Amino acid sequence: MMINFAALEVGKHFYWHIGKLEVHGQVLIVTWIVIAVLVILSSLATRNLKRIPDGLQNFMEYALEFVQDVAKTAIGEREYRPWLPFVGTFFLFILVSNWLGALVPWKLITLPEGELAAPTSDINTTVALALLVSGLYFWAGISKKGLGYFARYVQPTPILLPINILEDFTKPLSLSFRLFGNILADELVVGVLVFLVPVFVPLPMMALGLFAGSIQALIFATLAATYIGEALEGHGEEEHGH
Amino acid sequence: MSFQPILLAVEVTEKSGGLFDFDATLPIMAIQFLLLVAILNSTFFQPLLQTIDSRNDYIRDTNNDAKARLAQAEQLALDYERETAETRKTAQIMIETAQAEANRIKAEAIAQANLEAQAQIAAAKATIEEQKAIAFAQLEGEVSGLSRQILERLVGTV
């Protein structure tokens, strides 16, 4: 029992086979839980909307206004509205994933192989999210400017063309690895501390993990919104990694 | 407790999986995320944004209404003040006019009374003078009669 509780399992996955494809079952299970939490919370909050908000509606309005503020700051007052669901869902999904991963004692549930953890500590999740961000900002730019969007690659000067192209690769790379690295590292640190000293000592690290989890969600959402905003604006001025 | 799990994990990493094990999880996660965006858009973002918008409209309308009412009330207060001031001024003028009138009437009455009194005094004096004259005349008559009598008596006795 103690072994189960304190064991570190890195890079082991609970494989499910769908036809010829392999998927990470532990990631999908926790993802479904995260999605269920979000959907249930939001439907409960919006089931009986009132002019004077109370309880859950108030809380969810606060969350909405928070992500609205993020999107508005990065994309601009006029154009943020269609992108708000994406930016907001990035934030909420990553935040709830990170927090569920840090708060729920998943180790009590034993899988045949691997262990349940935050979906964001799996590279597949973060790369999927980061590629979606790439797709979104391309879509944003092209839907606004058509093929003229690609003119930004030779702005302000054609010499920057390779760097501008490179940036389209570094953006998803940095987005995905930042999130993945932070969450996985935190889980590993907590795991090692629990392995070494099972009482009290890991608590500060766990608190730090909660903090880092929310910060990472905010960073991811802010960067996604910034990239979309840049694509809509499109005059050189790209920011490099944060 | 032993380090066996870690060693085991490393072995497994070499065999299959590992930290950077890309497989069908990736597209599935992407699709799930897009589904989540769609669901949250209809259950969370749109309803709440609509509620917030309509609330903002309501607050703005109510605020404008209240401002209009306040302006109206202030206007009414100003009108009232002005009317009160006018009325007070009118009343003041009326009081002053009435006082002046009263004073005038009083002065006239006093003057009239004085005149009448002087006239009566003069009349009374005249009557007194007249009666005095009559009385003197009578007395003079009596005096002459008495002196004649006195003379007769004296003459008679002589």
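# Two chains, one contact: talking through the labels

Tutor: Let's begin where the chains meet: a salt bridge joins the side chains of B:Arg55 and A:Glu61, at 2.8 Å from N to O. Keep in mind that this is a predicted model.

Student: Why is the pairing of B:Arg55 and A:Glu61 called a salt bridge?

Tutor: The label needs a side-chain nitrogen of Lys or Arg within 4 Å of a carboxyl oxygen of Asp or Glu. B:Arg55 supplies the N and A:Glu61 the O, at 2.8 Å, so the pair meets the rule. As background, side chains of opposite charge can pair when their charged atoms come close.

Student: How many salt bridges are counted between chain B and chain A, and how many over all chains?

Tutor: Two are counted between chain B and chain A, while the count over all chains is 13. Between chain B and chain A there are also 12 residue pairs in polar contact, both residues being at pLDDT 80 or more.

Student: Which elements of chain B give two or more residues to the side that touches chain A?

Tutor: They are α1 (4–15) and α2 (25–157) of chain B. The largest share comes from α2(B), with 24 residues. Sorted by class, this side of chain B has 28 nonpolar, 10 polar and four charged residues.

Student: What makes up the contact, residue by residue and by area?

Tutor: Chain B brings 42 residues and chain A brings 56 residues. About 4600 Å² is buried between chain B and chain A, and carbon and sulfur atoms give 75% of that area. The size of an interface is often given as the accessible area lost when the parts come together, which is why an area is quoted here beside the residue counts.

Student: How do you know whether B:Phe33 is buried or exposed?

Tutor: Buried means under 20% relative accessible area. B:Phe33 has 2%, so B:Phe33 is buried. The residue is in helix α2 of chain B. Setting aside neighbours within four places in sequence, B:Phe33 is in contact with A:Phe86, A:Thr89, A:Phe90, A:Phe93, A:Leu129 and A:Leu132.

Student: And A:Thr126, is that residue buried or exposed, and how do you know?

Tutor: A:Thr126 has a relative accessible area of 0%; with the cut-off at under 20%, A:Thr126 is therefore buried. Helix α5 of chain A, residues 123–145, holds A:Thr126.

Student: What does A:Thr126 touch, beyond residues up to four places away in sequence?

Tutor: A:Thr126 touches A:Thr120, A:Ser176, A:Leu179 and A:Phe180. With A:Ser176 there is a further detail: the side chain of A:Thr126 reaches the backbone oxygen of A:Ser176 at 3.3 Å.

Student: Why are B:Glu129 and B:Lys132 called partly exposed?

Tutor: The class runs between 20% and 50% relative accessible area. B:Glu129 has 48% and B:Lys132 has 42%, so both fall in that class.

Student: How do you know that B:Asp79 and B:Arg82 form a salt bridge?

Tutor: Their closest N and O atoms are 3.5 Å apart, and the limit is within 4 Å, so the label applies. B:Asp79 and B:Arg82 are again three residues apart in helix α2 of chain B, about one helical turn. B:Asp79, at 24% relative accessibility, counts as partly exposed.

Student: Which residues of chain B are linked in a network of salt bridges?

Tutor: The network links B:Glu101, B:Arg104 and B:Glu108. Within it, the side chains of B:Glu101 and B:Arg104 meet at 2.9 Å, N to O. These two lie three residues apart in helix α2 of chain B, about one turn. B:Glu101 is partly exposed at 38%, as is B:Arg104 at 41%.

Student: What does chain B come to as a whole?

Tutor: Chain B has two helices and zero strands. Of its 158 residues, 16% are buried. Chain B exposes about 12300 Å², with 62% of that supplied by carbon and sulfur atoms.

Definitions and conventions: Residues are numbered from 1 along each chain as its sequence is written. Chains are lettered from A and ligands numbered from 1 in the order in which they are written. This is a predicted model: local features need pLDDT of at least 70, side-chain atom pairs count only at pLDDT 80 or more; totals for chains, interfaces and linings use all residues. Side-chain values use heavy atoms; hydrogens and water are left out. Contact means heavy atoms within 4.5 Å. Buried area is the accessible area (1.4 Å probe) that two parts lose on being put together, summed over both. A polar contact is a pair of N or O atoms within 3.5 Å; within protein, one must be able to donate a hydrogen and the other to accept it, and residues adjacent in sequence count only if both atoms are side-chain atoms. Helices (H or I, at least four residues) and strands (E, at least two) are DSSP runs, numbered from the N terminus. Ala, Val, Leu, Ile, Met, Phe, Trp, Tyr, Cys and Pro count as nonpolar, Asp, Glu, Lys and Arg as charged, and the others, Gly among them, as polar. Buried means under 20% relative accessible area, exposed over 50%, partly exposed in between (1.4 Å probe, protein chains only). Accessible areas come from the Shrake-Rupley method with a 1.4 Å probe; for residues, only the protein chains shown count as cover.
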